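Please look over the sequence and the structure shown below before reading on.

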Amino acid sequence: MAINGLFISFEGIDGAGKSTHLQALVQAFRAQGRAVTLTREPGGTVLAEKLRTLILNDAMDAMTEALLVFAARRDHLQQVIEPALARGEVVIADRFTDATFAYQGAGRGFDLKMLSTLEHWVQTVPALGIGLIRQPDLTVWFDLPAEIAALRLSGARMPDKFEAESTEFFRRVADGYQCRMVACPSRFARIDAKKAREAVWLDVLSAVQSRGWLE
Ligand code: TYD
């Protein structure tokens, strides 16, 4: 019997602490015999990683940034995500399109309608049928107040272009994630990222277990 692929994304403002839990979730799936592709956005392919370097370091206007992010996403979907899902793998992505609506949309104030248009162009996958676009089956959103994230980030390595943004910017980004969740609540698991690391991990695990994807 063919195993269905599964697409899970992790989201949250910089400093929300998603990274440690990505690896743990990969291990949890592998321990139960599933093949897992762990990937990230922007990035995940040779071309998209080149675009990531530009997006994270070079100054550019919001539209250019949005177009580059979606160009990277297109290559990532074509080269990595769709083939892995077709093989029945679990794809775990450190960020996906919700980040674009949160950062370029809510954070930078870029036109949400145009982002929706790009989302439909880029994420249209013929195999899904007419009118359907590729979206994660589950988005784990690490929700953390921007003030706390700023404290966690201070003293960390040299900040990139986004990490150097103001607390006010990250407040808008967090609101952007909230809007995406409200628009599609069944896809999201909101995790209270203020909790201790172990408690956050248990919440991540239970979000996946409650959907019947892990024992
Ligand atoms: P991040 O995922 O935080 O990686 P790291 O842990 O290595 O810093 O960095 C990616 C950055 O890119 C993050 O600040 C959010 C930003 N980003 C966007 O602005 N738009 C997008 O569509 C995506 C995927 C990321």
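How many Å separate a polar side-chain atom of arginine 52 from an oxygen atom of the ligand? In this predicted model, a polar side-chain atom of arginine 52 lies 3.2 Å from a ligand oxygen atom. Polar side-chain atoms of lysine 18 and glutamate 163 also lie at listed distances from an oxygen atom of the ligand, as the table sets out.

| Residue | Distance from a polar side-chain atom to an oxygen atom of the ligand |
|---|---|
| Lysine 18 | 3.3 Å |
| Arginine 52 | 3.2 Å |

Of the 550 Å² of accessible area that the ligand has on its own, the protein covers 91%, and the space that the ligand takes up is the largest pocket.

The shell around the ligand comprises 17 residues, of which Asp14, Val69, Arg95, Thr100 and Gln104 come nearest. Sorted by class, this shell holds nine charged, six nonpolar and two polar residues. At least two shell residues are supplied by each of helix 2 (46-57), helix 3 (62-86) and helix 4 (97-107), and it is helix 4 that gives the largest share, with four residues.

Turning to helix 1, which spans residues 19-31, one finds threonine 20 within it. Although threonine 20 and arginine 197 are 177 residues apart in sequence, their C-alpha atoms are 8.9 Å apart in space.

Terms used:
Residues numbered from 1 in each chain as written. Predicted model: local features only at pLDDT ≥ 70, side-chain atom pairs only at ≥ 80, totals over all residues. Heavy atoms only, no water. Near = heavy atom within 4 Å. Polar contact = N/O pair within 3.5 Å; in protein donor to acceptor, adjacent residues only side chain to side chain. Areas by Shrake-Rupley, 256 points an atom, 1.4 Å probe, with all protein chains shown as cover. 1 Å grid on protein atoms, 1.4 Å probe; cavity = no way out; pocket = protein on both sides within 12 Å on 5 of 7 lines; lining within 4 Å. Sits in = over half its atoms within 2 Å of the grid points. Nonpolar A, V, L, I, M, F, W, Y, C, P; charged D, E, K, R; others polar.
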